[in-house]
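Hi,

Here is the structure I promised to pass on. Have a look first, and my notes follow below.

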Amino acid sequence: KSSNIVKNGKRPNGQQKFHCKTCGCWGTFNPRVKYTEERKEEILSAYEERSSMRGIQRTFGISTNTLSDWLKKS
């Protein structure tokens with residue numbers, strides 16, 4: 001959770017590696033975007049209003065994989 005992180009090359013699969021200068025650890029970090037429940041319900045209600053998944057992706061800036069996962073769970 002330090003802000004003293006620098007890039008440190010790439011893995012063979014293309015992922016960016018990082019190095020923390022505070023604690024000395026290194027690795028790949030995959031930050032996840034967290035959506036609030038209000039935002040999630042807004043996006044799902046837009047889908048229920050017959051918007052296409054691609055249209056929702058453009059409008060809200062959300063991944064179609066994320067949207068399809070939410071639809072499967074609901």
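Which residues in helix 1 meet which residues in helix 3? From helix 1 they are Lys40, Ile43, Leu44 and Tyr47, and from helix 3 Leu67, Trp70 and Leu71 (contact means heavy atoms within 4.5 Å). That set splits into 6 nonpolar, no polar and 1 charged (Ala, Val, Leu, Ile, Met, Phe, Trp, Tyr, Cys and Pro count as nonpolar, Asp, Glu, Lys and Arg as charged, and the others, Gly among them, as polar).

Before you go further: this is a predicted model, where local features need pLDDT of at least 70 and side-chain atom pairs pLDDT 80 or more, while totals for chains, interfaces and linings use all residues. Numbering starts from 1 along each chain as its sequence is written, and side-chain values use heavy atoms, leaving out hydrogens and water.

Helices (H or I, at least four residues) and strands (E, at least two) are DSSP runs, numbered from the N terminus.

Now helix 2, residues 53-60: Gly55, Ile56 and Phe60 are buried there (under 20% relative accessible area with a 1.4 Å probe, protein chains only; exposed is over 50%, partly exposed in between). Helix 1 and helix 3 are among what covers them. After helix 2 comes glycine 61, with a positive phi near 70 degrees.

There's also an open sheet of 3 strands, in the order 1-2-3 with antiparallel pairing (two strands pair if DSSP finds at least two bridges between them). Strand 1 (5-10) and strand 3 (26-27) are the edges, each pairing on one side only. Strand 1 is joined to strand 2 (residues 16-20) by 4 bridges, and isoleucine 5 sits opposite cysteine 20 in strand 2.

Cheers
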